[in-house]
Amino acid sequence: MSIRHGLLVLLSRGPRHGYQLRGEFEASTGATWPLNIGQVYTTLARMERDGLVEPGESDEQGRVVYTITAAGRAELGRWFSTPVVQSDRPRDELVIKLAMAVTAKEVDVAEVIRTQRTATMRALQQLTRAKRAVTEGVAQRLVLDSMIFRAEAEQRWLDHCEAVLKEER
Amino acid sequence: MTLVRLAEVARVHGEGATAVPALKGVSLEVGAGELVAVMGPSGSGKSTLLNLAGGLDRPTSGTVHIGGQDLATVRDLAALRRRSVGYVFQDLNLIASLTAAENVMLPRELDGVRSRLAREEAMAVLTEIDVAYLADRFPDELSGGQRQRVAIARALVGERRLLLADEATGALDTRTGDEIMQVLRARCDAGAAVLLVTHEPRYAAWADRVVFLRDGMITDSTSESLVSAR
């Protein structure tokens with residue numbers, strides 16, 4: 001995923017300047033992806049170069065308002081219709097750590113699992129608190145839900161590891 | 001205020017060669033306003049723990065206090081349970097021939113409360129959790145989530161402030177499950193104590209404290225405030 005697609009989505013709803021884009025981007029991702037204004041303007045400049053957006057007049061405060069182009073809309077259509085590939089995601093350190101713990105004979109794997117499980121549960125509690133605090137904004141809630149499902153999957157996998165290793169012993 | 005306290009509780013099922021230890025020295029407290037979740041695989045002792053905390057069973061050794069009363073000194077456990085403890089189970093056992101309101105009234109009527117007052121209390125608690133409009137429906141006219149809400153209302157009716165839930169979100173989809181957790185959480189924030197047994201991490205995460213049960217022992221907890229982690 002790129003910031004550029006996120007910004008294109010916001011621009012597809014109407015012309016906006018950089019600060020507006022930053023605020024709306026953060027609101028729709030549940031503040032889980034903070035942007036600095038430099039990133040926003042760098043991305044806009046690249047998209048302008050690629051013909052996806054057009055700068056317009058400056059407003060009274062000197063801020064340039066950007067508009068999405070037809071090419072920008074086409075790019076957005078392509079993005080939404082293309083599924084995300086698993087291999088595009090980075091490797092998971094926890095998975096590697098556990099595999100290595102099993103390989104290295106002297107490591108207490110059960111303890112590694114236990115420590116991780118408690119830490120993951122604390123993270124899950126924090127996410128749930130954050131979700132309860134969201135009073136409006138379905139997008140925000142769904143972003144948090146995604147993180148909750150992911151943490152939950154990790155927790156289940158840890159339980160699974162524990163059960164399998166218990167049998168092996 | 002502590003509403004339930006287990007101290008070094010052990011429970012052995014059976015005797016002699018066939019004895020099976022279900023719990024091996026568990027200490028746990030749940031205070032007013034607190035939601036505690038117990039997680040563990042099947043066979044870890046979750047249900048035994050819940051039964052002991054709710055006075056449905058007595059420990060082999062150790063002590064259980066409910067609302068300050070030592071269970072060992074209580075003769076009529078059934079009466080203590082009706083007065084102090086509410087239960088929400090996965091197979092929630094609403095009585096099919098009674099309406100939602102009548103189901104909620106039942107524990108109060110068993111306590112000897114007159115049916116008019118019992119009905120007022122039932123309506124009050126149904127209103128509190130936003131299901132007063134379901135009062136006159138029968139269980140088979142309710143969705144899974146609605147039935148679970150009625151079961152929670154029944155668990156809370158009257159003066160009871162300790163609520164024990166066993167896989168209360170069991171058969172529900174995740175969105176409805178979240179709504180049920182919202183109700184339990186709100187009850188806690190209003191001063192109830194909830195002890196929830198679940199194997200689903202996403203629901204355990206609504207708790208203030210999550211304890212992990214393995215082979216009859218508490219092996220870990222997300223909070224340091226636990227009296228004894230072992």
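Reader: How many residues does the contact take from chain A and from chain B?
Author: The model is a predicted one. Residues count as in contact if their C-beta atoms, placed from the backbone, lie within 7 Å. The contact of the two chains then takes 11 residues from chain B and, from chain A, 14 residues.

Reader: Which element gives the largest share of the side of chain A that touches chain B?
Author: Two helices of chain A, α6 (109-133) and α7 (138-168), each supply at least two residues of the side that touches chain B. The largest share is 8 residues, and the element it comes from is α6(A).

Reader: How do the residues of the side of chain A that touches chain B divide into nonpolar, polar and charged?
Author: The side in question is the one to which α6(A) gives 8 residues. Its residues divide by class into 6 charged, 4 polar and 4 nonpolar.

Reader: Where is chain A divided into domains, and how many Å apart are their C-alpha centres?
Author: Domain 1 of chain A covers 3-86, and domain 2 covers 90-168. The distance between the C-alpha centres of these two domains of chain A is 33 Å.

Reader: What classes of residue are on the side of domain 1 of chain A that touches domain 2 of chain A?
Author: The contact between these domains of chain A takes 5 residues from domain 1 and 5 residues from domain 2. On the side of domain 1 of chain A that touches domain 2 there are no charged residues, 1 nonpolar and 4 polar.

Reader: Why is chain B said to be as compact as a globular protein of its length?
Author: Chain B has 10 strands and 7 helices. For 230 residues the globule rule gives 17 Å, so chain B is as compact as a globular protein of that length, its radius of gyration being close to that value at 17 Å.

Reader: What percentage of contacts in chain B join residues at least 24 apart?
Author: Of the 230 residues in chain B, buried ones make up 45%. The contacts to consider are those between residues at least 6 apart in sequence. Among these contacts in chain B, the part that joins residues at least 24 apart is 68%.

Reader: Which residue takes a positive phi in the hairpin of β9(B) and β10(B)?
Author: In chain B, β9 (residues 209-214) and β10 (residues 217-221) pair in the antiparallel sense over 4 bridges. Within this pair, B:Phe212 stands opposite B:Asp220 in β10(B). The hairpin has 2 residues between the strands, and the residue with a positive phi near 50 degrees is B:Asp215.

Note on methods
Residues numbered from 1 in each chain as written. Chains lettered and ligands numbered in written order. Predicted model: local features only at pLDDT ≥ 70, side-chain atom pairs only at ≥ 80, totals over all residues. Nonpolar A, V, L, I, M, F, W, Y, C, P; charged D, E, K, R; others polar. Rg over C-alpha atoms; globule rule 2.2 N^0.38 Å. Buried ≥ 20, exposed ≤ 12 C-beta atoms within 10 Å, placed from the backbone. Pairing = 2+ DSSP bridges. Domains from an automatic or database assignment.
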